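The exercises below are meant to be worked through with the sequence and the model side by side. Please try each task before reading its solution.

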Protein chains: 2
Amino acid sequence: MESCAPPIAEHPHRLPSLQAAMSRRRTLAVGLIGPGRVGSVLLAQLRAAQERLLRDTGLALKLCGVAASRRMWLDCDDPELNAQHDAQTWRPTDLEQFAAHVRGDEGRHAMLVDCSANDMVASKYSYWLASGLHVVTPNKLASSGPLSRWQAIRAASQHGGRFRYEATVCAGLPVVQTLRDLLDTGDQLLSVEGMFSGTLAWLCCQYDGKRPFSALVREAHALGYTEPDPRDDLSGMDVARKLVILAREAGWPMSLHDVAVESLVPAELAEVPLEEFMARLEELDAPMAARLAEAHAHQGVLRHVASLDRNGRAQVGLQALPSPHPFAHTRLTDNIVQFRTQRYRDNPLLVQGPGAGPEVTAAGIFADLLRIAESLQVRA
Amino acid sequence: MESCAPPIAEHPHRLPSLQAAMSRRRTLAVGLIGPGRVGSVLLAQLRAAQERLLRDTGLALKLCGVAASRRMWLDCDDPELNAQHDAQTWRPTDLEQFAAHVRGDEGRHAMLVDCSANDMVASKYSYWLASGLHVVTPNKLASSGPLSRWQAIRAASQHGGRFRYEATVCAGLPVVQTLRDLLDTGDQLLSVEGMFSGTLAWLCCQYDGKRPFSALVREAHALGYTEPDPRDDLSGMDVARKLVILAREAGWPMSLHDVAVESLVPAELAEVPLEEFMARLEELDAPMAARLAEAHAHQGVLRHVASLDRNGRAQVGLQALPSPHPFAHTRLTDNIVQFRTQRYRDNPLLVQGPGAGPEVTAAGIFADLLRIAESLQVRA
């Protein structure tokens, strides 16, 4: 091909980087709900990045409120409000007032980040989105909760603010966006398989029959690898929620009750007080030992797997996998997810790594925030 | 927290999906350079998605030109031009005219997709970007070529059009964007390790010493797994280019000559004609057998690995890896990349899957196109 452009150096339109960033300057007001472990790390990440983002991309992040369950802080920049209350005053939490404050004047870009694990907060998403607020969350309750609420959220986000929730599945690993890209470019999902619980992955990796399963649960509990009540992990329900989120992302109108969940907690221990459960933990050992023996009999390993196929079959539970299976070789607490699609039919696309922890979860939320910020129109 | 929002059903602002999409309607003019294997699959993917994208997202993709090396086709919608030339007329390729046609009127969104493997096309990116055209490419030449050209492209894209190149590394696998997200959210890259060549991965996986290495190369060549000249794979240079792309993405100003590349082609065979090379292929066997024996002596496996660390050490070549290493368990032609960062320090983030082929490469380009389209402002 013939060259037709003038040499680069002669081109008159290029601006230096700083000017360029300023010409794309836009402000995003951010309000955080739930300043807990993840929320407070996110605040630290955002603060550390503010100057760099403004310099390199023209994005001015303006943190204008934090709402905990009882108290909230509003960075009021309205002089009248400031006259009545001191700026940076804590006051009783009122989410309606909080959202209105973050939203601010007509036409400003504003986002709520929900790091609570509160179902009532999730109930407000569709309202906030319809009013033009963007919403980002690692909270699984909206995306895996009642289907009608989820559909209302999706409908609201098509018109108003944008809704993102990458960190609901495997924290900062690129899972939801990867699935989205596959589908948006016209690929067809055939199946998803994964290990979505670092705790269960650790327990299965460690469990070789030399020590009873109950001893490993006690150790994981003492190390803080499990939830305060280990049944929250062992029941498989948290994993099932992640599977529902991916199914819905693929357009399959699935709910939690559509997932066949095998709990590792015997039915008679499901409802007893925590103390009694911990005392009777040895009752898990016999059924687990039987499953392990079965896996070993087939030269396999025992893993806790979630799977979903396009016939609507969704399962969560123990599986005996042949030892060359990629899930047999993960690192201790790693999460793993593999997508089999029309284009990735023979060899699936696989993402693996730590899928929990405040730093990586906050980074997943932050990446969502940046993805939305990229799409914001420059406003004076 | 108290509920403060009215019930969802009462909310007055929600629009039906179609209306919502129309309210966000925007047109993106697209010109394709290089309608080869990847380019023609991309055209098919774009055409298949046009109707869905318009309906669901309000994005109208308008294909307005295809430029091959000698001829180009312009979908001229200017009545005067149509009077002089028939619409859909092929004419001799003139990239200046092509870009001007795709750019069209001031203010329209326009993108060039470069699926050529042509260095002269890559030389025009910065000019096109500065003029407001977006550029998307799987062409490695810009991102791994001369550093000054790369810097000019980056500078131009900060002001003008956007530049994306996910498919330059591992085709459709989420690699460049994943690294970008890690860095943009404030993480620090410590190292990258990967197997970026499906061909070399296949050769290493198959090579267990029972058959000579040369026989495997002949088989791969016959199956079409290698480039027409297998030295293009065996030299490791294509892998080195991908490593340079990731290094630059991380902000490290690296060039090809900074990478220590171990070629699997003996120096005396590097420049001989292809026919002679194929005839003398057995000369690869002794050195490869020695490397394999060394790996086996340490109970390891032989893999072709690219690695990069923050001290600027970049290497491409054979490595003996311990058998529990994740690279030891990939599926035949899979690519794999693992990022070790400040946040993913103990357990890295890992992406794996097929990293070549027209369908997945085109999908990687398409995802880049959609990422840019998301950020386009609505214009009447």
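**Exercise 1.** Is helix α10 (residues 198–206) of chain B mostly covered or mostly uncovered, and how many of its nine residues are buried?

*Solution.* This is a predicted model, in which local features need pLDDT of at least 70 and side-chain atom pairs count only at pLDDT 80 or more, while totals for chains, interfaces and linings use all residues. Residues are numbered from 1 along each chain as its sequence is written, chains are lettered from A in the order in which they are written, and side-chain values use heavy atoms, with hydrogens and water left out. Helices (H or I, at least four residues) and strands (E, at least two) are DSSP runs, numbered from the N terminus. Helix α10 of chain B is mostly covered, with seven of its nine residues buried (under 20% relative accessible area, 1.4 Å probe, protein chains only). Among them are B:W202, B:L203 and B:C204. The cover over these buried residues includes α11 (213–222), α13 (237–249) and β10 (300–309) of chain B.

**Exercise 2.** Determine how many salt bridges there are between chain B and chain A.

*Solution.* Taking a side-chain nitrogen of Lys or Arg within 4 Å of a carboxyl oxygen of Asp or Glu as the criterion, the count between chain B and chain A is six. One salt bridge joins the side chains of B:R162 and A:E374, at 3.4 Å from N to O. Helix α16 (residues 358–374) of chain B gives the largest share of the side of chain B that touches chain A, namely eight residues.

Definitions and conventions: Buried means under 20% relative accessible area, exposed over 50%, partly exposed in between (1.4 Å probe, protein chains only). Contact means heavy atoms within 4.5 Å.
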